[in-house]
Amino acid sequence: MMRFCLEWFLRVWGVVFAAIAIHLLVVGPGTLPDVTAHTANGSVVLHDGAVNVKAALMDGEPLAVSAGGDYLFYRVPGTVHFYKYDVFNRTKTTIESSADGPIVSPTGDHIAYVSDRRSYADIHLIDVQTGDENPLQPFDWNEHLPHWSADGRYLAFIVGKGNTRDLYVYDVEAGIHQQVTALAAGRADQPAWHPARPLLAYLIVGVEDSGVYLLDVETAQGQRISDIGERVTAIFDVDWRIDGDIAMEFRDVDFGRTQTTIRVPVVDAEGS
C-alpha cells in the first residue's frame, strides 16, 4: 500500500511539472507565463496561473521566482543559508550567506546578500531572471547593510575601513558605484531610502560631526538636514514616514529610548 501511494505521488508530481513545462516552453511566444510562489502549510508552492497548476516543491519560505518560472529562490527559517531551485532540472543549489541578507529588490528582479566566503565580507547580487550571481565589487574591506531603493535600481551599502565606515551606492542599471562619504574618522550608518524617490537619508556619527544627511542620488546633491544631539547615546532606526518626513528612534541620556521627527522640506507632493 505504501509503495502504491509513493508511486501515485511521484506520477502526479511529474504530471504537474510536465504541465508547467509544456505551458512555459511550448505555448506561443505571444502568451506570457504567470508563475508565482507562495507558502502553504510550511511548504513552497509554485503556481502557474495561466493553466491553474500548482506544485508543492519543498519546505521553506519563497524569496523570489523568475518571470518564466525557471528559477525559484527560497530560504528555510532559522538557517543562515538560502537556496536556488532549478524548476525544470529539479536541482537545488545552496547559497552561503551571513546575517546580512538575502534582501530581495522591490521589483523582485535581484537579490542582494553578504557572503563571508572570502576573508572579507562581500555583497553579492543575484539576477533572479537568469539565476546568475556576481560579487558587487570585492573591496578589500568588509561590506555591510545592503538597502534597496524603492524602484530596485540602486543599492546602498556600508564599507568598513578600519575605524571608519563609508557609504556607497551601486547603480544596478549602469553597473557603477558612487562613493557617498569619505570619512577620516567616524562612520556612516543607517541608510534609509525614500519610499518613492531616489532620496537617501543616512547618518554620520563622529567626533567632529554627527548629523542626518540627505542625498539625491540622481543629481548627486547632498545636504545636512539635522543635528544629532550630544546627549544621544545610541540610534536604533532611521526611517521615512508616509508624509515625507524622517522618523529617528534613539536613546537619550535624560529620556531613555524615544523618537523624534526630522522635517525634510525638499520632499513634497510634486517631487521638486
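Leu215 touches Gln178, Val180, Pro198, Leu199, Leu200, Tyr202, Ala220, Gln221 and Gly222, leaving aside residues up to four places away in sequence. These contacts come from a predicted model. Leu215 itself belongs to strand β18, which covers residues 210-216. Its relative accessibility is 5%, so Leu215 counts as buried; the cut-off for that label is under 20%. One of the touching residues, Leu199, is 16 residues away in sequence. In space, the C-alpha atoms of Leu215 and Leu199 are 5.6 Å apart.

Tyr202 lies in strand β17 (residues 199-205) and Tyr213 lies in strand β18, so their pair ties together parts that are 11 residues apart in sequence. The two rings are stacked, with 5.7 Å from centre to centre and 20° between the planes. Both Tyr202 and Tyr213 are buried. Strand β18 thus holds Leu215 as well as Tyr213.

How many aromatic pairs does the count come to? The count comes to five. A pair of aromatic rings is described by two values, the distance of the centres and the angle of the planes.

The charged end of Arg257 sits over the ring of Phe236, 3.8 Å from the ring centre. The charged end of Lys92 sits over the ring of Tyr83, and there the distance to the centre is 4.8 Å.

Now turn to a sheet. Strands of a sheet pair through backbone hydrogen bonds, either parallel or antiparallel. Four strands form an open sheet in the order β8-β9-β10-β11, with antiparallel pairing. Which strands are at the edges? They are β8 (103-104) and β11 (133-135), and each of them pairs on one side only. Strand β9 spans residues 110-115 and strand β10 spans residues 122-127. These two pair in the antiparallel sense over six bridges. His110 stands opposite Asp127 of β10.

A polar atom of the Glu143 side chain lies 2.9 Å from the backbone nitrogen of Ile123. Glu143 is in strand β12, residues 142-148. Why does Glu143 count as buried? Its relative accessibility is 0%, and buried means under 20%.

Step back to the whole protein. It has one helix and 22 strands. Of its 272 residues, 43% are buried; Leu215 and Glu143 are among them. Residues 24 or more positions apart account for 29% of them. The accessible surface comes to about 14,600 Å². Carbon and sulfur atoms hold 51% of that surface.

Definitions and conventions:
Residues are numbered from 1 along each chain as its sequence is written. This is a predicted model: local features need pLDDT of at least 70, side-chain atom pairs count only at pLDDT 80 or more; totals for chains, interfaces and linings use all residues. Side-chain values use heavy atoms; hydrogens and water are left out. Two strands pair if DSSP finds at least two bridges between them. Buried means under 20% relative accessible area, exposed over 50%, partly exposed in between (1.4 Å probe, protein chains only). A polar contact is a pair of N or O atoms within 3.5 Å; within protein, one must be able to donate a hydrogen and the other to accept it, and residues adjacent in sequence count only if both atoms are side-chain atoms. Contact means heavy atoms within 4.5 Å. Accessible areas come from the Shrake-Rupley method with a 1.4 Å probe; for residues, only the protein chains shown count as cover. Rings of Phe, Tyr and Trp (its six-membered ring) pair if their centres lie within 6.5 Å; planes under 30 degrees apart count as stacked, over 60 as edge-to-face and the rest as tilted. A charge sits over a ring if NZ of Lys or CZ of Arg is within 6 Å of the ring centre and within 35 degrees of the ring normal.
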